[in-house]
Amino acid sequence: MLYAPEAHEALTERPWDEGRARDEIARIVSDADETYAPGELWPADEWDAWDVPTPLSSLYCGAAGVVWALDALRRRGFAETRLDLAAVAGQALQQWRAAPELSASTPMPVAAESGLLSGETGILLVAWRLGGRGELEDELERRILESRASAADELMWGTPGALVAAQALLGWTGDERWANAWSQTAEVLWQRRSADGIWTQDLFGSQFRGLGPVHGLVGNVLALLAGELAPERRSALLHDARSILERTAVVEGGLVNWPPSVESSREKLRLQWCHGAPGIVVCATRYLPEELLVGGAELTWQAGPPGMEKGSGLCHGTAGNGYAFLKAFEQTGDERWLDRARRFCMHALEQIERRGHGRYSLFTGDVGVALYAADCLEARAAYPILDGWG
C-alpha cells in the first residue's frame, strides 16, 4: 500500500459553501480573541506541549504563530481581531526568554534556540513585523547567523529556517544586511549538501537523509531557491532535487508517494504535508515532473482526509493535505483540483466542529485551518510561511 488507510477517513458529503467558510474563519478568530489571557497567552494542547514549558510561544505551535495568523487574516480582510497583536507578540517573546521551549528528554541540536519554527527566530520575526522593528534587528541578525552552527539542516531548528527569515526581512526592508545574512547562511547550507544533492540530518539523536518539507530536501531547496543563488548552483539544485524525487518516488497505477527519508522502508510511507506526497507536491511544484505532481495529488484525494488523530491542521492534517490540490490547480489550471481543495476545506472545518474549537496553534491548530479556508476562497496556493508572509 502507498499509505495507511486506517489513518484516513471518509470525506464529508457537505459541498463547498463560501458563506460557511467565511463564517468559520470569523468564528476561529473570535474564539482566539476570547480565550487569550494576558500573561498566560493561550492554553496548549497536550500533543503540542510535549515536554516543554507552557504556555507555548513558538511560531510552530505557540503564540507567535497564532498572532501571525490573526494578523494575516486581518490584513487580508477576512476577520478583525480585537487583540493588540503587537503586545501579544511581545509577551510571546518574553515567555520564550523566560522559559525556552527546548525538550529536556530529547537531544536538541546545537543552536536550537535560533530555530525559525520552534526557536526564538520566528518569535522575533513576528514581534518585529508587528512593531518591534529596529530594536529587534540586531537580535534577529544574531540568531540568523547563529543557525550556521546547527547540524539540523532543516526548517524547524536549522539553517534553512534562518534563510526563510532573512529573505522575509530583505523583502520587507530592502536592507543589504539581510542579503548579506542570507548569503553567509546559504553558503554554509550549500557546503553541507552532499555530492548527490541531499542533506544528512543530525536531529534528535539520529541521522537520516530526509525528503520532506520540515526535515529534508524539498524544504531546503525551497529556502535556497527563494534567494540570490548563483545561476550554476540554482541549476544544479533543481536538477539534483528533481532526480532524487524521481528516484525515490513509489509509484503504483499512476499514484505516487514518497518515504520520509531515503533510508525509510516502504512500510513507513505516510501521507501528510510533513512526510509524504502532499508536502512534496506543495514544496516541489516548480521542478517536480507533472506526472509525479498529479500522481501525488491524486493519491492524496483517493486516500481521503487524515482522521481525527491527525486532525485538521497544516502540518499533518486535512488542511495541509489540501494544499496539494491548490498547488495542482495552480500548476495545471484544472478546476477539479480547486473543487477538491474546497471539499477538504469543508471537511477540516467539520473536524474542528467535531473536536470543538480550542487548539491554538498555527501548524496544528484552528488558525492554520482558517488560513487554508482563506486560500480556498481566493483560489490561492500559498502555503503559510514557506510561500510568503502575506
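This is a predicted model: local features need pLDDT of at least 70, side-chain atom pairs count only at pLDDT 80 or more; totals for chains, interfaces and linings use all residues.
Residues are numbered from 1 along each chain as its sequence is written, and side-chain values use heavy atoms, with hydrogens and water left out.

The chain contains 15 helices and 4 strands; these are DSSP runs numbered from the N terminus, with helices (H or I) of at least four residues and strands (E) of at least two. The C-alpha trace extends over about 55 × 50 × 40 Å along its principal axes. A radius of gyration of 19 Å agrees with the value near 21 Å that a compact globule of 390 residues would have. The radius is taken over C-alpha atoms, and the globule rule is 2.2 Å times the number of residues to the power 0.38.

Turning to helix packing, helix H8 (residues 176–191) packs with helix H9 (residues 217–225) at an angle of about 145°, and their axes are 11 Å apart. Here axes are lines fitted to C-alpha atoms, for helices over the stretch in contact, and angles run from 0 to 180 degrees between N-to-C directions. The crossing of H8 and H9 is left-handed, a term used if the near helix is turned anticlockwise from the far one by less than a right angle. On the H8 side, Trp182, Ala186, Leu189 and Trp190 meet Asn220, Ala223 and Leu224 of H9, where contact means heavy atoms within 4.5 Å. The contact of H8 with H9 comprises 6 nonpolar residues, 1 polar residue and no charged residues. In this classification Ala, Val, Leu, Ile, Met, Phe, Trp, Tyr, Cys and Pro count as nonpolar, Asp, Glu, Lys and Arg as charged, and the others, Gly among them, as polar.

Next come the open spaces. Pockets and cavities were located on a 1 Å grid over the protein atoms alone: a pocket is an open set of points with protein on both sides within 12 Å along at least five of seven lines, a cavity is a set where a 1.4 Å probe fits but cannot get out, and lining residues have an atom within 4 Å of a point. Grid points are joined across faces, edges and corners, and a volume is the space filled by probe spheres set on the points.

The largest pocket has a volume of about 890 Å³. Among the 33 residues that line this pocket, Trp47, Tyr60, Met156, Phe204 and His215 are the closest to its centre. Helix H2 (46–49) and strand E2 (206–208) each give at least two residues to this lining, and H2 supplies the largest share, 3 residues. By class, the lining of the largest pocket holds 17 nonpolar, 9 polar and 7 charged residues.

Of its 23 lining residues, Leu222, Ala226, Leu386, Asp387 and Gly388 are the closest to the centre. Two or more residues each come from helix H7 (159–173), H9 and helix H11 (277–283), with the largest share, 6 residues, from H7.

Finally, there are 2 cavities of 30 Å³ or more. The largest cavity has a volume of about 80 Å³; of the 14 residues that line it, Arg380, Ala382, Pro384, Gly388 and Gly390 are the closest to its centre. This lining has 8 nonpolar, 2 polar and 4 charged residues.
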